[in-house]
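User: I would like to learn how to read a model like this one, feature by feature. Could you walk me through it?

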Amino acid sequence: MEVLLQQLNPSQREAVVHQDGPSLVIAGAGSGKTRVLTYKIAYRILQGTYPYRILALTFTNKAANEMKERIAGLVGEETARQLWMGTFHSICSRILRREAGVLGFDPNFTIYDASDSKNLLRTIIKEINLDEKTYKPGVVQNRISNAKNALFTPEQYAADKELIEYDTRSHMPNIKIIYQIYQNRCFQSEVMDFDDLLLYTNILFHNYPEILQKYQQHFQAILVDEYQDTNYAQHLIVQQLAQLHQNVCVVGDDAQSIYSFRGANIDNILKFKDVYPDTRIFKLEQNYRSTQTIVNAANSLIGKNVEQIHKKVYSEKEKGEKIQVLSAYSDYEEGYSIAARISEMRMQKQYAYKDFAILYRTNAQSRIFEESLRKNNIPYKIYGGLSFFQRKEIKDIIAYFRMTVNPHDEEALKRTINYPARGIGNTTINKITHVAIEQNISLWAVLSDPAKYDLPINAGTAAKLAGYKALVDSFIEQNEAAEADILGKNIMQKTGIVNDLYADKTPEGLSRVQNMEELLNSLKTFVQNRKEEGIQNLGLVDFLAEVALMTDTERDADEKEASDRVTMMTIHASKGLEFKNVLIVGMEEELFPLPMAIGSPKGMEEERRLFYVAVTRAEENCILSYAKSRFQLGEYRTKSPSRFLKDIDPEYLKMPEYLKEVDSWMPSFTRRRNVTTTETFKAPWEEKEEKTLSSPSFAKLPATEATQKKMVSQIGDLSVGNIIRHERFGSGSVTALEGDIENAKATVDFEKFGKKQLLLKFARYEIVG
DNA sequence: GAAGCCCACATTTTT
DNA sequence: TGTGGGCTTC
């Protein structure tokens, strides 16, 4: 234990040994945040806490895996494996799978990724005859996602005056209806989207105090990484779980909060001590990554923000070079000057290509650099394109896996029903959908028994549907017996996907084959690992649960180590990484900061934090560059240098051109400021931030205490004593009813499944006696 | 069901 | 400028 502590600096050590009660670790960029987290967990284990009673939450799989590995190095792999460690989403999915029954969900529910939910939203918008131009699926998706992250259920959304008013003003008064239908459809499909994992976990904890209590008692310590990026739903999950033991440690840096558009609420960290009054605050201020010049420049920059927790980050490394500012006449010239600069530095200081990163505000900027690097024979890798799991061929295969685990999955069914082509067209799918909506059941349920629902199809189509159903059924059956990798291969062959992919001999076709093989290999590895760990269940369920929540940043990271290339990525994607030399490009008004942020103080502060993140990625050299003209949004535009250049103390800057140019910036953006009075009205949850954070009550969740406890003998046409038949649980008798019509909950004693609580609004059942 | 044409759109996106 | 999605056409 002593050896452990010796590897830490005094402030890190203090944070690590403080084990009882709430604590907040403010970790400046490059200050050894992960080190503190891992040592803190290891320290607690060495003090005798069982690893499986420690919960550690991160935002990315990459962070979770990294921490797991480092903890394994300290306390051994066997011990580290027992930790509850993972992303918020994966931990929630794990809890929900155990407890899904009470919410009316199948434990084998599948997960919609962003494109699945967008597709479903598009379908719904069309179905209820709304104009897709007014109701842009992406925008609607955002609204619903934000609502979920602020814990508004569809009912609460519809009941909230401010939200409705906001929608009306943005000419989308029917979002509430779309949300309701969407949620209902997901439920019918036994599916949750990313946000649902957080939302339903909150609903679970709120409506089932005994379940919450179980987890509260279980977790003796909770640790959260990147706390500045938590949203309200995540904040509440942590708060509820930590209530009993109060052993909660959150680590983060308010200066690096850059995900507010995803619902992240910086107030969670700024006001942490208001929620936990006994909080001990630790500050990690020594930066081990960057030169003094870079750290000081970054400090001067972030000092321009009003909202922040005060800290003085310092570096004891060498002073280092000043931050160089490059100016170019055009975006093309910027490309060439950056390429030239990389070659030059490489020659001078023997840097490898992988010591360089080009960071930009928007993905669209990458193209020009791609061209200029290629022409200069500089190897590069762009991060942030289509991820492995979003590729069509991979999604197609996974859709079959999903059908095997959960055939009610609507999007998976739509993906697979006619791929590979088996002559089931849109007309048929529309007919099935129509009946499914009418009957309030899943597409699969209709397809399974077309005759029962009078599906208007001819004999030929019926045969094709039956064929598809038989195929999926055979996979479902095998999934019970066979191991996942064997079944995976089988699925590929039986569906004809293998033949389909092999038939294509183009380079793209070959890469698709490779991807398919890679997927099957990862499935095989997954099964083998589980065998080694002695886990019994070798079916597809767990593989899917993991894969659905996986992006391929980890795969990318491995590649970075292996090959010597210049990295290109957005600043967002660069968070948590470090490079010897960082080139931040496009430092222009209306690009960085983006127009949308200009005019909103909060938006500007976030853009500035983004700039701070970019600068603090650099270990040795940081270079800023801007172009005086650029092709942007379909036209050539004259650009002026970013105001952020002026936020850095000139002492740390090396301007190549006359300083008088700096003065010429001023008029350009005072003028513009008048033009962009785009101070739009705030979304209600933005205004509510204060309220939601400070009130630890769950007033927003369904069924308030009052309604929840109100026991009644009859709700609608259901009475205590009735016998009902539930679609999944079979028959049982109603032993108790509570709540009002809106949030009615029934306790039912099922013959086969024992006592369950059902939310009547969701439950699928019929009264039989 | 695939190919081709036209039009709209162009901010970031841990899961 | 360039892309991607939706629609039309064969």
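This is a predicted model: local features need pLDDT of at least 70, side-chain atom pairs count only at pLDDT 80 or more; totals for chains, interfaces and linings use all residues.

User: Is isoleucine 222 buried or exposed?

Analyst: The general idea is to count the C-beta atoms around a residue, with 20 or more within 10 Å taken as buried. Isoleucine 222 has 23 other C-beta atoms within 10 Å, so it is buried.

User: Which residues does isoleucine 222 touch, not counting those up to four places away in sequence?

Analyst: Its partners are Leu55, Val238, Leu241, Ala242, Asn247 and Val248.

User: How many bridges pair strand E2 with E3?

Analyst: Four bridges link E2 (residues 54–58) to E3, in the parallel sense. Within that pair, leucine 55 stands opposite tryptophan 84 in E3.

User: Let's turn to strand E15. How many of its six residues are buried?

Analyst: Five of the six are buried, so call E15 mostly covered. E15 runs parallel to strand E12 (residues 356–360), to which four bridges join it. It also runs parallel to strand E16 (residues 618–627), this time with five bridges. Asparagine 581 is a handy landmark: it stands opposite phenylalanine 356 and opposite asparagine 621 in E16.

User: Which residues have the most contacts inside the largest nonpolar core?

Analyst: That core has 179 residues, and the ones with the most contacts inside it are Val25, Ile358, Leu359, Leu583 and Val615. Helix H12 (residues 194–207) supplies the largest share, eight residues. Take leucine 359 as a case: leaving aside neighbours within four places in sequence, its contacts include Met569, Ile571, Val582, Leu583 and Ala614. Ser574 and Arg617 are also among the contacts of leucine 359.

User: How do I read a pair of packed helices, and at what angle do H8 and H11 cross?

Analyst: Look at the approach of the axes, then the angle, then the residues that meet. The axes of H8 (residues 137–149) and H11 (residues 175–188) come within 10 Å and cross at roughly 70 degrees. H8 is therefore roughly perpendicular to H11. On the H8 side, Val140, Arg143, Ile144 and Ala147 take part, meeting Ile175, Ile178, Tyr179 and Tyr182 in H11. These residues divide into seven nonpolar, no polar and one charged.

User: Finally, which backbone angles deserve a second look?

Analyst: Most residues other than glycine have a negative phi, and most peptide bonds are trans. Leucine 151 has a positive phi of about 65 degrees; it lies in the loop between H8 and helix H9 (154–159). For asparagine 377, phi is near 55 degrees, and the residue belongs to the loop between helix H19 (366–375) and strand E13 (380–382).

User: Is each of the two buried or exposed?

Analyst: Leucine 151 is buried, with 23 other C-beta atoms within 10 Å, whereas asparagine 377 is exposed, with 8.

User: And where are cis peptide bonds found?

Analyst: One joins tyrosine 419 and proline 420, with omega about -10 degrees. Proline 420 is in the loop between helix H21 (410–416) and helix H22 (426–439). Another joins phenylalanine 592 and proline 593, with omega about 5 degrees. Proline 593 is in the loop between E15 and helix H31 (601–615).

Note on methods. Residues are numbered from 1 along each chain as its sequence is written. Chains are lettered from A and ligands numbered from 1 in the order in which they are written. A nonpolar core is a set of buried Ala, Val, Leu, Ile, Met, Phe, Trp, Tyr and Cys residues joined through C-beta atoms within 7 Å. A residue is buried if 20 or more other C-beta atoms lie within 10 Å of its own, exposed if 12 or fewer, and partly exposed in between; C-beta atoms are placed from the backbone. Helices (H or I, at least four residues) and strands (E, at least two) are DSSP runs, numbered from the N terminus. Two residues are in contact if their C-beta atoms, placed from the backbone, lie within 7 Å. Axes are lines fitted to C-alpha atoms, for helices over the stretch in contact, and angles run from 0 to 180 degrees between N-to-C directions. Angles under 35 degrees count as roughly parallel, over 145 as roughly antiparallel, 65 to 115 as roughly perpendicular and the rest as oblique. Ala, Val, Leu, Ile, Met, Phe, Trp, Tyr, Cys and Pro count as nonpolar, Asp, Glu, Lys and Arg as charged, and the others, Gly among them, as polar. Two strands pair if DSSP finds at least two bridges between them.
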